[in-house]
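Hi,

Here is the structure I promised to pass on to you. Have a look at it first, then read my notes below.

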Amino acid sequence: MLIDLRSDTVTRPTAGMKEAMFTAPVGDDVFGEDPTVNALEEKIAKLFGMEAALFCPSGTMTNQIAIRLHTRIQTEVICHQYSHIYLYEGGGIMANSHASVKLLPGDLGKITASQIADSINPDDVHAPETTLVSLENTMNKGGGSIYTLDEIKPIHALCKEKGIKLHLDGARLFNALVETGENPADWGAQFDTISICLSKGLGCPIGSLLLGSKADIKQARKVRKVFGGGMR
Ligand SMILES: Cc1ncc(COP(=O)(O)O)c(C=O)c1O
């Protein structure tokens, strides 16, 4: 028997998954008429204490939609130099959002509030405006390292003070929450948007959700359409 340890993404559907798919009520999600998707979005938004959620085919799409929401041309994203959004999403920050990136170093793939404070661009004609900080938890290329809430809170406070949006690539956030025992709703309170993946070790065959405010998710639905992620 071959055991493939490259990633938790190479798992195959189990009989239970296939049975769930076979019996699930379905509909056209572009029209908001898939009852299973609607129930899933509502359940996960509630779990994180956030207003709304959007189901997408992949974590790359949920991250890229979030970046699109929180940036525009001539603005800048701050993230760790090993972030998935930078290294492994095909240059999407530039391709999809025409935004600049400032990459920070940091042990185990993590960055701190003081590093971020030093990296926010001044209001100056020479510099792109910093509009977004993006964190990753667990941090894939940091060896699966985790942030605790106590590390996030000063970053949240800084972003709030500076009027900068805060996104979390939480592809494996549930792994971190199992380790720390922290409450998902306490995490939801720290971020403008959170991306979580269902397809990575959670027993689901596909998909990711973007969580955020009603207004952000309404806009995200439009971006998902243009990215080709509306499923019917
Ligand atoms: C940290 C992280 N973010 C985002 C993604 C993207 O997810 P997807 O492969 O569903 O696009 C991955 C994929 O493994 C990941 O490890």
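**Around the ligand**

The ligand has these residues around it: Ser-58, Gly-59, Thr-60, Asn-63, His-84, Glu-89, Glu-136, Asn-140, Asp-169, Ala-171, Arg-172 and Lys-200 (a residue is near a molecule if one of its heavy atoms lies within 4 Å of it). Before going on, note that this is a predicted model, where local features need pLDDT of at least 70 and side-chain atom pairs count only at pLDDT 80 or more, while totals for chains, interfaces and linings use all residues. Residues are numbered from 1 along each chain as its sequence is written, and side-chain values use heavy atoms, with hydrogens and water left out.

Sorted by type, the shell around the ligand has one nonpolar, six polar and five charged residues (Ala, Val, Leu, Ile, Met, Phe, Trp, Tyr, Cys and Pro count as nonpolar, Asp, Glu, Lys and Arg as charged, and the others, Gly among them, as polar). Helix H3 (residues 59-70) gives the most to this shell, with three residues (helices are DSSP runs of H or I with at least four residues, strands are runs of E with at least two, and both are numbered from the N terminus).

Now for some polar contacts (pairs of N or O atoms within 3.5 Å). A polar backbone atom of Gly-59 sits 2.9 Å from an oxygen atom of the ligand, and a polar side-chain atom of Lys-200 is also 2.9 Å from a ligand oxygen. On the side chain of Asp-169, an N or O atom is 2.7 Å from a nitrogen atom of the ligand.

**The sheet**

Seven strands form an open sheet with mixed pairing, in the order S1-S7-S6-S5-S4-S2-S3 (two strands pair if DSSP finds at least two bridges between them). Strands S1 (52-56) and S3 (100-104) are at the edges with a single partner strand each, so one side of each has no neighbour in the sheet. S1 pairs with strand S7 (residues 208-212) in the antiparallel sense, over five bridges, and there Ala-53 stands opposite Leu-211 in S7.

**Two backbone details**

Which peptide bond is cis? That is the one from Asn-137 to Thr-138, with omega near -5°. Thr-138 belongs to the loop between strand S4 (129-136) and helix H7 (149-162). Gln-74, in the loop between H3 and strand S2 (75-80), isn't a glycine, yet its phi is positive, near 70°.

Cheers

Terms used: A polar contact is a pair of N or O atoms within 3.5 Å; within protein, one must be able to donate a hydrogen and the other to accept it, and residues adjacent in sequence count only if both atoms are side-chain atoms.
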